[in-house]
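Here is a short briefing to read with the structure open beside you. Take it one topic at a time.

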Amino acid sequence: LLLCGEFHHMVHSYMTLDRLAHLYLVLVIVMHGLSVNLPVREAVATTVLPNVTTFTAPAAKSRTITLKWDKNADATGYVVEQYKGGKWTQILKTTGNTTLQCTASSLAPETRYSFRIKSYKKTGSAVVCSDYTNIAATTRIACVSGLTAKSSTVSSVTLSWNKVASATGYVVEIYKGGKWNTVLTTKNNTALSCKVTGLAAGSTYKARIKCYRLANGAYSFSEYLEADVNTKIANVTGFKASGNTASSITFSWNKNTAATGYIVEIYKGGKWTVIATTKNNTTLKFTVKGLKNDTTYSFRIRAYKTAGGVTAYSDYVRIAGKTRIPNVAAFTGSAVSASAVKLDWSKNDKATGYVIEQYKGGKWTALATTKNNTTLTFTVKGLAEGTAYSFRIKSFRKTGSTTEFSEYASVKAATDR
């Protein structure tokens, strides 16, 4: 009887703790041939909180899985758990019943994961939970990384990307004409670049790539990786040296209607250095100063176009420009009579000879051209008494069939009265 009493107490306590309804059953215990009727509690379920009606994984990527469920109007909130490390781990607990999705992150590619959800309802300090609803979902194969434009021209872009070891191949697409167009589907995972042609100059395009794996006749795809790529704008035309001195070179070029501006560079000190960046496409001339005389320099120019925070560039156009040889360091004039003046100048070691000119009759007229650089004086005769005249000199150097000239140096001199 003591044993029966203890059993009765155990059953009664268990049922009380579980808050089950009371029912009397006849429990027949045969002990030493004795039958005893005891009141016990039967486990009859009260109303249980229902769980969400649907629980799905509608979106999976290589590193994340998005979970969604229907709203449970009877619930206060939801608890979502992921099975990892040999146990169930809570990844979300909402404080309201309007949050209906969550994303599990930091997952491994091509891996199957288990998730479960339960609804809960809080009334005062009492919390009632629904049963769990379980699902399993698999992440995609690893996504491609490193999609970039390796090079570009005015009508093409060459794309490159990193290899995905588990992939069978890749699908490359370009957004053009209002839709995505497939430009390449590889049959292996070793082709890691492709050239997209037929594009417009100075334009930005969206490119995307996904990898795939073919196994047992079934395809599995990664998510897409997108990148903006730019074609180059049309090159500058008509780039030339339009004027030079012993210490400067002036360049000019044609207008590029597609450009925002231009960038001019000089090769100096073993590297290319920017010497001008225009803010418009109407500045079509630039003078580089502070150069050495009788020296050849390399220059290059490219156009650029800025739109929507993205800058596209043309290819470079290059030319060489040379500064002039130096002129004589000194050039003077003095009267020698009422009808003549004497012109003197210093020797120019880089010159072959000199050209002397006089301004008369509204134009410059050559008076003499020396055949050497050692003749350093010239007398101009047949002038009017007490009159001032303008003269100028330039050095020249002849190399083969090429003749180079310095700038002019000028002087005024008057005859005696």
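How many aromatic pairs does the structure hold? This is a predicted model, and the structure holds 19 aromatic pairs.

**Aromatic rings and charges**
- F239, F251, W253, Y262, Y297 and F299 are joined into a cluster by ring pairs.
- Aromatic pairs of this kind are described by the distance between the ring centres and the angle between the planes.
- R116 lies over the face of Y132, and the distance to the ring centre is 3.7 Å.
- K394 places its charged end over the ring of F405, at 4.1 Å from the centre.

**An open sheet**
- Three strands form an open sheet in the order β1-β2-β5, and their pairing is antiparallel.
- β1 (55–60) and β5 (101–104) are the edge strands, each pairing on one side only.
- From one strand to the next, the twist averages 25°.
- Four bridges connect β2 (residues 65–69) with β5 in the antiparallel sense.
- Look for I65, whose bridge partner in β5 is A104.

**N281 in its loop**
- You will find N281 in the loop between β20 (271–277) and β21 (285–288).
- N281 has a relative accessible area of 13%, so it counts as buried, the cut-off being under 20%.
- The N281 side chain reaches the backbone oxygen of A259 at 3.3 Å.
- Beyond its neighbours within four places in sequence, N281 is in contact with K255, N256, T257, A259, T260, G261 and Y262.
- Y262 also belongs to the ring cluster described above.

Definitions and conventions
Residues numbered from 1 in each chain as written. Predicted model: local features only at pLDDT ≥ 70, side-chain atom pairs only at ≥ 80, totals over all residues. Heavy atoms only, no water. Pairing = 2+ DSSP bridges. Helix = DSSP H or I, 4+ residues; strand = E, 2+ residues; numbered from the N terminus. Axes fitted to C-alpha atoms, helices over the stretch in contact; angles between N-to-C directions. Phe/Tyr/Trp six-rings, centres within 6.5 Å; stacked < 30°, edge-to-face > 60°. Lys NZ or Arg CZ within 6 Å of the ring centre and 35° of its normal. Buried < 20%, exposed > 50% of the residue type's maximum accessible area, 1.4 Å probe, protein only. Polar contact = N/O pair within 3.5 Å; in protein donor to acceptor, adjacent residues only side chain to side chain. Contact = heavy atoms within 4.5 Å.
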